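Try each task before reading its solution.

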Number of protein chains: 2
Amino acid sequence: MIDPRSPLYAWEQARDLIRARIADGTYADRLPAEVDLAHELGVARGTLRHALSVLVDEGVLVSIRGRGYFVTGR
Amino acid sequence: MIDPRSPLYAWEQARDLIRARIADGTYADRLPAEVDLAHELGVARGTLRHALSVLVDEGVLVSIRGRGYFVTGR
DNA sequence: GCGGATTTGTACGTATGTATG
DNA sequence: GCATACATACGTACAAATCCG
(Lines give C-alpha, C1' and ligand atoms only; values in the text may rest on other atoms or scores of the structure.)
Protein backbone atom coordinates (compact mmCIF):
# COMPACT_ATOMS: atom_id res chain seq x y z
CA MET A 1 0.00 0.00 0.00
CA ILE A 2 2.61 2.49 1.11
CA ASP A 3 5.61 2.79 -1.16
CA PRO A 4 8.79 3.85 0.70
CA ARG A 5 10.38 4.90 -2.62
CA SER A 6 7.62 7.38 -3.31
CA PRO A 7 8.58 11.06 -3.15
CA LEU A 8 5.48 11.54 -1.02
CA TYR A 9 5.70 11.10 2.74
CA ALA A 10 3.98 8.05 4.18
CA TRP A 11 1.31 10.19 5.84
CA GLU A 12 0.55 11.86 2.50
CA GLN A 13 0.18 8.47 0.82
CA ALA A 14 -2.06 7.29 3.65
CA ARG A 15 -4.15 10.45 3.33
CA ASP A 16 -4.57 9.93 -0.43
CA LEU A 17 -5.44 6.25 -0.02
CA ILE A 18 -8.10 7.01 2.54
CA ARG A 19 -9.51 9.77 0.35
CA ALA A 20 -9.69 7.35 -2.59
CA ARG A 21 -11.46 4.71 -0.53
CA ILE A 22 -13.99 7.25 0.62
CA ALA A 23 -14.53 8.29 -2.99
CA ASP A 24 -15.04 4.73 -4.24
CA GLY A 25 -17.32 3.81 -1.38
CA THR A 26 -15.03 1.38 0.45
CA TYR A 27 -15.46 3.58 3.48
CA ALA A 28 -19.03 4.75 3.08
CA ASP A 29 -19.75 5.98 6.57
CA ARG A 30 -17.19 4.72 9.02
CA LEU A 31 -13.49 3.86 8.92
CA PRO A 32 -11.86 0.79 10.46
CA ALA A 33 -10.31 1.20 13.88
CA GLU A 34 -7.04 3.15 14.06
CA VAL A 35 -4.97 0.10 14.92
CA ASP A 36 -6.49 -2.00 12.13
CA LEU A 37 -6.23 0.73 9.51
CA ALA A 38 -2.67 1.53 10.46
CA HIS A 39 -1.73 -2.13 10.13
CA GLU A 40 -3.62 -2.47 6.87
CA LEU A 41 -1.89 0.54 5.32
CA GLY A 42 1.45 -0.45 6.77
CA VAL A 43 2.02 2.72 8.75
CA ALA A 44 2.38 3.48 12.44
CA ARG A 45 -0.51 4.84 14.44
CA GLY A 46 1.14 8.23 14.78
CA THR A 47 1.59 8.43 11.04
CA LEU A 48 -1.98 7.39 10.39
CA ARG A 49 -3.20 9.89 12.95
CA HIS A 50 -1.34 12.63 11.08
CA ALA A 51 -3.09 11.68 7.84
CA LEU A 52 -6.46 11.44 9.57
CA SER A 53 -6.06 14.81 11.28
CA VAL A 54 -5.58 16.44 7.88
CA LEU A 55 -8.80 14.90 6.58
CA VAL A 56 -10.58 16.02 9.74
CA ASP A 57 -9.31 19.56 9.20
CA GLU A 58 -10.62 19.38 5.63
CA GLY A 59 -14.06 18.39 6.89
CA VAL A 60 -13.95 15.02 5.15
CA LEU A 61 -13.98 13.12 8.43
CA VAL A 62 -15.09 13.69 11.96
CA SER A 63 -13.65 11.80 14.90
CA ILE A 64 -15.78 11.00 17.92
CA ARG A 65 -13.97 9.95 21.05
CA GLY A 66 -14.85 6.43 22.04
CA ARG A 67 -16.56 5.72 18.71
CA GLY A 68 -14.41 6.14 15.65
CA TYR A 69 -13.83 8.12 12.47
CA PHE A 70 -16.91 8.92 10.38
CA VAL A 71 -17.28 10.18 6.82
CA THR A 72 -19.15 13.44 6.65
CA GLY A 73 -20.01 13.31 2.94
CA ARG A 74 -18.59 16.75 2.23
CA MET B 1 14.31 22.03 34.90
CA ILE B 2 11.21 19.96 34.28
CA ASP B 3 9.32 18.99 37.43
CA PRO B 4 7.45 15.67 37.09
CA ARG B 5 5.29 16.63 40.08
CA SER B 6 4.05 19.77 38.36
CA PRO B 7 0.39 19.87 37.34
CA LEU B 8 1.60 21.11 33.97
CA TYR B 9 2.57 18.64 31.26
CA ALA B 10 6.26 18.33 30.45
CA TRP B 11 5.74 20.01 27.07
CA GLU B 12 3.95 22.95 28.73
CA GLN B 13 6.80 23.43 31.16
CA ALA B 14 9.30 23.28 28.29
CA ARG B 15 7.24 25.84 26.34
CA ASP B 16 7.15 28.20 29.34
CA LEU B 17 10.88 27.83 30.00
CA ILE B 18 11.75 28.63 26.40
CA ARG B 19 9.40 31.61 26.41
CA ALA B 20 11.07 32.90 29.59
CA ARG B 21 14.54 32.51 28.12
CA ILE B 22 13.50 34.40 25.03
CA ALA B 23 12.05 37.15 27.24
CA ASP B 24 15.21 37.50 29.36
CA GLY B 25 17.50 37.45 26.36
CA THR B 26 19.09 34.06 26.95
CA TYR B 27 17.92 33.12 23.48
CA ALA B 28 18.26 36.40 21.62
CA ASP B 29 18.12 35.20 18.04
CA ARG B 30 18.69 31.46 17.80
CA LEU B 31 17.89 28.47 20.01
CA PRO B 32 20.21 25.55 20.74
CA ALA B 33 19.69 22.48 18.55
CA GLU B 34 16.70 20.29 19.40
CA VAL B 35 18.82 17.43 20.69
CA ASP B 36 20.88 19.71 22.93
CA LEU B 37 17.91 21.67 24.22
CA ALA B 38 15.93 18.51 24.92
CA HIS B 39 18.83 17.08 26.90
CA GLU B 40 19.31 20.35 28.75
CA LEU B 41 15.63 20.54 29.73
CA GLY B 42 15.47 16.85 30.57
CA VAL B 43 12.72 15.94 28.10
CA ALA B 44 12.56 13.72 25.04
CA ARG B 45 13.00 15.29 21.63
CA GLY B 46 9.39 14.59 20.71
CA THR B 47 8.21 16.41 23.80
CA LEU B 48 10.43 19.39 23.03
CA ARG B 49 9.22 19.46 19.42
CA HIS B 50 5.65 19.64 20.69
CA ALA B 51 6.54 22.67 22.80
CA LEU B 52 8.42 24.29 19.92
CA SER B 53 5.56 23.73 17.46
CA VAL B 54 3.27 25.69 19.76
CA LEU B 55 5.69 28.60 19.83
CA VAL B 56 6.01 28.44 16.05
CA ASP B 57 2.23 28.58 15.74
CA GLU B 58 2.23 31.61 18.02
CA GLY B 59 4.73 33.35 15.76
CA VAL B 60 7.39 33.49 18.46
CA LEU B 61 9.74 31.17 16.58
CA VAL B 62 10.41 30.06 13.05
CA SER B 63 12.13 26.79 12.21
CA ILE B 64 14.33 26.29 9.20
CA ARG B 65 15.32 22.76 8.25
CA GLY B 66 19.06 22.23 8.35
CA ARG B 67 19.59 25.50 10.24
CA GLY B 68 17.65 25.75 13.47
CA TYR B 69 14.98 27.65 15.38
CA PHE B 70 15.06 31.43 15.27
CA VAL B 71 13.40 34.06 17.43
CA THR B 72 11.18 36.35 15.41
CA GLY B 73 10.97 39.15 17.95
CA ARG B 74 7.19 39.26 17.87
C1' DG C 1 32.29 20.63 -6.34
C1' DC C 2 32.83 16.90 -2.73
C1' DG C 3 32.31 14.94 1.88
C1' DG C 4 31.32 15.15 6.50
C1' DA C 5 29.05 17.40 10.37
C1' DT C 6 25.00 19.68 11.98
C1' DT C 7 20.07 20.34 12.36
C1' DT C 8 15.21 19.90 11.48
C1' DG C 9 11.52 16.67 9.50
C1' DT C 10 9.41 12.37 9.45
C1' DA C 11 8.51 7.62 10.75
C1' DC C 12 8.21 3.76 13.87
C1' DG C 13 7.67 1.35 18.36
C1' DT C 14 6.06 1.34 22.92
C1' DA C 15 3.98 2.83 27.26
C1' DT C 16 0.81 5.31 30.50
C1' DG C 17 -3.34 7.83 31.69
C1' DT C 18 -8.02 9.58 30.65
C1' DA C 19 -12.57 9.54 28.52
C1' DT C 20 -16.53 7.57 26.01
C1' DG C 21 -19.95 3.97 24.54
C1' DG D 1 -15.66 -4.90 32.38
C1' DC D 2 -14.13 -4.13 27.69
C1' DA D 3 -13.09 -1.89 23.18
C1' DT D 4 -12.09 2.34 21.03
C1' DA D 5 -9.97 6.73 20.79
C1' DC D 6 -7.47 10.69 22.50
C1' DA D 7 -3.30 12.90 24.70
C1' DT D 8 1.06 12.69 26.48
C1' DA D 9 5.80 10.90 26.68
C1' DC D 10 9.72 8.06 26.24
C1' DG D 11 13.12 6.08 22.82
C1' DT D 12 15.29 4.99 18.10
C1' DA D 13 16.26 5.53 13.20
C1' DC D 14 16.66 7.51 8.79
C1' DA D 15 15.75 11.43 5.31
C1' DA D 16 16.47 16.07 3.78
C1' DA D 17 18.42 20.63 4.04
C1' DT D 18 22.20 23.36 5.32
C1' DC D 19 26.85 24.67 6.48
C1' DC D 20 31.80 24.39 6.35
C1' DG D 21 36.50 22.72 5.48
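**Exercise 1: two helices of chain B**

Is the crossing of H1(B) and H3(B) right-handed or left-handed? Describe how these helices are arranged, then say what makes the contact.

*Solution.* Keep in mind that this is a predicted model.

Step 1. Find the two helices in chain B: H1 covers residues 10-23 and H3 covers residues 45-57. Their axes come within 8 Å of each other and cross at roughly 55 degrees.

Step 2. Classify the angle. Angles under 35 degrees count as roughly parallel, and 65 to 115 as roughly perpendicular. The crossing angle is roughly 55 degrees, and therefore H1(B) and H3(B) are oblique to each other.

Step 3. Settle the hand: H1(B) and H3(B) make a right-handed crossing.

Step 4. List who takes part. H1(B) brings B:Ala10, B:Trp11, B:Ala14, B:Arg15, B:Ile18 and B:Arg19 to the contact. From H3(B) come B:Thr47, B:Leu48, B:His50, B:Ala51, B:Val54 and B:Leu55. Sorted by class, the contact of H1(B) with H3(B) has 8 nonpolar, 2 polar and 2 charged residues.

**Exercise 2: around DNA strand D**

How many residues surround DNA strand D, and which are the closest? Work out which elements supply this surface.

*Solution.* 

Step 1. Count the neighbours: 20 residues surround DNA strand D. The closest are A:Ala33, B:Tyr9, B:Ala10, B:Thr47 and B:Gly66.

Step 2. Assign elements. Strand S2 (68-71) of chain A, and H1 and H3 of chain B, each supply at least two residues of the surface near DNA strand D. H3(B) gives the most, with 4 residues.

Step 3. Sort by class: the residues of this surface divide into 7 nonpolar, 7 polar and 6 charged.

Step 4. Link back to the first exercise. B:Ala10 and B:Thr47 are among the closest residues to DNA strand D, and both also take part in the contact between H1(B) and H3(B).

**Exercise 3: A:Asp16 and its chain**

Is A:Asp16 buried or exposed?

*Solution.* 

Step 1. Locate A:Asp16: it lies in helix H1 (residues 10-23) of chain A.

Step 2. Apply the cut-off. A:Asp16 has 12, so it is exposed.

Step 3. Look across the fold. A:Asp16 and A:Leu55 are 39 residues apart in sequence, with their C-alpha atoms 9.6 Å apart in space.

Step 4. Zoom out. Chain A has 3 helices and 2 strands, in the order α-α-α-β-β along the sequence. Of its 74 residues, 22% count as buried.

Key:
Residues are numbered from 1 along each chain as its sequence is written. Chains are lettered from A and ligands numbered from 1 in the order in which they are written. This is a predicted model: local features need pLDDT of at least 70, side-chain atom pairs count only at pLDDT 80 or more; totals for chains, interfaces and linings use all residues. Axes are lines fitted to C-alpha atoms, for helices over the stretch in contact, and angles run from 0 to 180 degrees between N-to-C directions. Angles under 35 degrees count as roughly parallel, over 145 as roughly antiparallel, 65 to 115 as roughly perpendicular and the rest as oblique. A crossing is left-handed if the near helix is turned anticlockwise from the far one by less than a right angle, and right-handed if clockwise. Two residues are in contact if their C-beta atoms, placed from the backbone, lie within 7 Å. Ala, Val, Leu, Ile, Met, Phe, Trp, Tyr, Cys and Pro count as nonpolar, Asp, Glu, Lys and Arg as charged, and the others, Gly among them, as polar. A residue is near a molecule or strand if its C-beta atom, placed from the backbone, lies within 6 Å of it. A residue is buried if 20 or more other C-beta atoms lie within 10 Å of its own, exposed if 12 or fewer, and partly exposed in between; C-beta atoms are placed from the backbone.
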